[in-house]
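Please read these points with the structure open beside you.

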Amino acid sequence: MENNEVNVSIPVIDMQKFPDPEEYKKLREACEKWGTFRIVNHLIPSTLMAEMKRAVRSLLDLPFEIKKRNTEVIPGSGYKAPNAVNPLYEALGLYDMGSLQAVQTFCSQLNATPHQREVIEMYGKAIYKLAVDLGQKISESLGLAGDFFKDWPCQFRINKYNFTPESVGTLGVQTHTDSSFLTILQEDENVGGLEVMEKSSGAYIPVQPSSGTLLVNLGDVATVWSNGRFYNVKHRVQCKEATIRVSIATFLLGPKEGVLETPLELVDSDHPRLYVPFTYEELRKLRLSKNLHAGEALEQLVRIHS
Ligand SMILES: O=C(O)CCC(=O)C(=O)O
Ligand SMILES: [Fe+2]
């Protein structure tokens with residue numbers, strides 16, 4: 001199925017249509033069948049998105065000596081230099097976007113200008129609020145009430161792909177799932193290349209960038225939280241042209257403390273609890289230490305029913 005691209009497009013959710021029951025139904029089906037959807041009318045101004053893009057691009061263009069000051073707070077959260085597996089890819093990271101202190105530390109490490117700081121802080125606040133709001137709407141789409149995601153930390157990653165003429169046709173990032181509950185992606189508005197795996201067929205679907213909109217992917221935590229209802233979408237990035245591609249990812253991770261709980265309403269005799277209790281930190285360590293980046297970690301966490 002690897003290169004069997006099909007001509008279908010992913011669902012589109014209009015944030016201004018809520019609380020229309022039809023939009024909730026579309027959202028639930030998108031989470032169950034696709035694990036990915038595009039959101040429109042999300043209220044993050046396109047001017048802020050463009051400013052943010054400019055700010056992160058100049059941070060990514062800094063010399064290596066400065067970028068490497070962006071150290072890890074949790075495993076994998078800091079600067080990622082190009083390596084043997086992904087030689088074209090590098091990323092700066094920030095944990096946790098909901099903490100002003102963490103945002104300021106990130107900016108100081110990279111000598112951000114006052115204007116860049118202001119833009120990153122504004123974007124951070126707005127995108128964090130959107131991530132929690134989306135989580136809330138997703139839980140409401142399952143008929144649940146409650147503040148499930150209010151205190152969950154958010155990781156932020158800005159990705160740069162240094163595509164060359166020789167790299168066209170190769171992968172910029174290998175197939176993976178995100179470990180998060182959900183990821184909000186501000187795509188490169190000019191350069192495509194992201195492909196999501198369709199759940200039913202296993203075919204890769206190219207995602208066409210659409211300026212001003214945002215893309216949402218569900219990750220491993222969403223599958224566990226929903227007791228197996230939601231699809232942790234596999235995705236990868238292909239190099240389509242010799243150019244620089246920049247994307248901005250915000251990950252709403254998992255509970256800060258304690259084990260990841262599936263809400264009781266999602267467990268009954270028809271839907272027995274699928275996974276053993278574990279913390280987000282344990283999931284992250286399992287993925288990193290055993291190289292289980294495409295959802296395989298969850299297979300190791302499945303509860304054995306007698
Ligand atoms: O650059 C992209 O389009 C995707 C990035 C991604 O999948 C990630 O940061 O997890
Ligand atoms: Fe991803």
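1. The model is predicted: local features need pLDDT of at least 70, side-chain atom pairs count only at pLDDT 80 or more, and totals for chains, interfaces and linings use all residues. Residues are numbered from 1 along each chain as its sequence is written, chains are lettered from A and ligands numbered from 1 in the order in which they are written, and side-chain values use heavy atoms, with hydrogens and water left out.

2. Taken alone, ligand 1 exposes 290 Å², and the protein buries 98% of that (accessible areas by the Shrake-Rupley method with a 1.4 Å probe; for residues, only the protein chains shown count as cover).

3. Around ligand 1 there are 13 residues, the closest being Asn159, Tyr161, His235, Arg245 and Ser247 (a residue is near a molecule or strand if one of its heavy atoms lies within 4 Å of it). Strands E4 (154-162), E10 (235-238) and E11 (244-252) each supply at least two residues of this shell, and E11 gives the most, with four. Helices (H or I, at least four residues) and strands (E, at least two) are DSSP runs, numbered from the N terminus.

4. Which residues coordinate the iron ion (ligand 2)? They are His176 (NE2), Asp178 (OD) and His235 (NE2), at 2.1 to 2.2 Å. Donors are N, O and S atoms within 2.8 Å of the metal (3.2 Å for Na, K and Ca); water is not among the atoms, so sites may look incomplete. The spacing of the donor residues in sequence is H-x1-D-x56-H. Distant parts of the chain are linked by His176, in strand E5 (residues 171-176), and His235, in strand E10, which are 59 residues apart.

5. Two cis peptide bonds deserve a look. One runs from Phe18 to Pro19, with omega near 10°; Pro19 is in the loop between strand E1 (12-14) and helix H1 (21-34). Another joins Tyr95 and Asp96, with omega about 15°, and Asp96 lies in the loop between strand E3 (89-95) and helix H4 (100-109).

6. Leu43 is not a glycine, yet has a positive phi of about 75°. Leu43 is in the loop between strand E2 (36-40) and helix H2 (46-60).
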